[in-house]
Amino acid sequence: MAVQTVASTTDSVDLGPAAALSCRECGHRVPLGPVFACEECFGPLEIAYDFSGYDTEELRKRIEAGPANIWRYAPLLPVPADVAGKPNLNPGWTKLVKADNLARELGVTGGLYVKDDSGNPTHSFKDRVVAQALEAARVFGFTTLSCSSTGNLAGAVGAAAARAGFHSCVFIPHDLEQGKVVMAAIYGGDLVGIEGNYDDVNRFCSELIGDPAGEGWGFVNVNLRPYYAEGSKTLAYEIAEQLGWRLPDQIVVPIASGSQLTKIDKGLQELIRLGLVEDKPYKIFGAQAEGCSPVSTAFKAGHDVVRPQKPDTIAKSLAIGNPADGPYVLDIARRTGGAVEDVTDEQIVDAIKLLARTEGIFAETAGGVTVGVTRKLVESGVLDPAKTTVVLNTGDGLKTLDAVAGTGLTATIRPNLDSFREAGLV
Ligand SMILES: Cc1ncc(COP(=O)(O)O)c(C=O)c1O
Ligand SMILES: [Zn+2]
């Protein structure tokens, strides 16, 4: 286990195989600490690991014998070895559903799976990233957890903080769906609505971090972002393990900031490097809503730079107009031979209903985006229907009920058989 010294303190930190922070732009390395930007070039920092000394088959056995949550992958994450014993929501190991009915509707013959992350403790994939950030916060001595959020993250932070005995204060756009607001508030922390969109919220949090008012706070997606982001790797690990330690050929991933997509790629690359899966090509496809599609617009235009947009879509969880990881998403989609596509709000709603009707999975709008984009990519021939394809559903439809308002009773009858017969259902 690598033990590093935090630059700003004299304490050593043990974050398992995490060896240092490394700049994604210039490669400059700094010791593990609550920092997120490179002091040389302001590029984003990410975790660099020391995986030397791992024997592939021993590692596989250790993972398989581990708990049915993300901590089975602790040897590949920035967490101490005894992480499973700490109060944490222990998310992950969600279902990989073989979606044969949906496959038939879409004309996919090579095997279609839905990775259903609505099964996490607060019903979105955000529990994975928050679980990592919480462990880093503990190690760095923070006692308040905070974030800027499009909704799901706020709930995940509130719940994780409650379980771990941290104070929480989270920031969201003031006009989010009621389901997201209640989910974020119920755990008892402070929830602050900001008059503006997510990009305004994020800008505010960056200011707060430099102000005495935010001193000593762990912002999971700002000063703890390098640790937080690694939680998304567990989606890649689980998908591969649940496929019998095989890589899928194609994965469709929603994009807000783009962090999740980049870390799924990082996770798949690590599995190959560690020999846990066969080294073969895979394609990563990014999915956005047309009303907030800065990355797909850049992809289609052949640009390397992502021009910010002002979001206007029902997919509020994905409504980030200025995505921090946008350029890295473009690199990955292009390098793997994937694509980035978008769908209209109407197509999102149709896709939510299609997934529910075919597989019994009620997705939030972000899931409507990935299923809608999958359908569009199959129809346009970009996605190969003969290949194994995994579509992510990252959140729960109960949090975005407004998107499917109007879905309701088939009939209202009096409590007698004549009235039932009159309704014409049989
Ligand atoms: C349900 C859901 N899916 C996907 C995402 C995208 O996450 P990222 O910012 O890592 O791209 C979010 C972000 O808030 C989300 O809430
Ligand atoms: Zn740098």
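**Close-up views of a predicted model**

View 1. The model is predicted, so local features need pLDDT of at least 70 and side-chain atom pairs count only at pLDDT 80 or more, while totals for chains, interfaces and linings use all residues. Residues are numbered from 1 along each chain as its sequence is written, ligands are numbered from 1 in the order in which they are written, and side-chain values use heavy atoms, with hydrogens and water left out. Strand 7 (residues 112-116) pairs in the antiparallel sense with strand 6 (residues 95-98) over four bridges, and in the parallel sense with strand 15 (residues 389-393) over five bridges; pairing requires at least two DSSP bridges, and strands are DSSP runs (E, at least two residues) numbered from the N terminus, as are helices (H or I, at least four). Asp-116 is the bridge partner of Lys-95, whereas Lys-115 has Leu-392 as its bridge partner.

**View 2. The site of the zinc ion (ligand 2).** The protein donors, Cys-23 (SG), Cys-26 (SG), Cys-38 (SG) and Cys-41 (SG), lie 2.2 to 2.4 Å from the zinc ion (donors are N, O and S atoms within 2.8 Å of the metal, or 3.2 Å for Na, K and Ca). Cys-23 is buried, at 4% relative accessible area, whereas Cys-41 is partly exposed, at 33%.

How values were computed:
Buried < 20%, exposed > 50% of the residue type's maximum accessible area, 1.4 Å probe, protein only.
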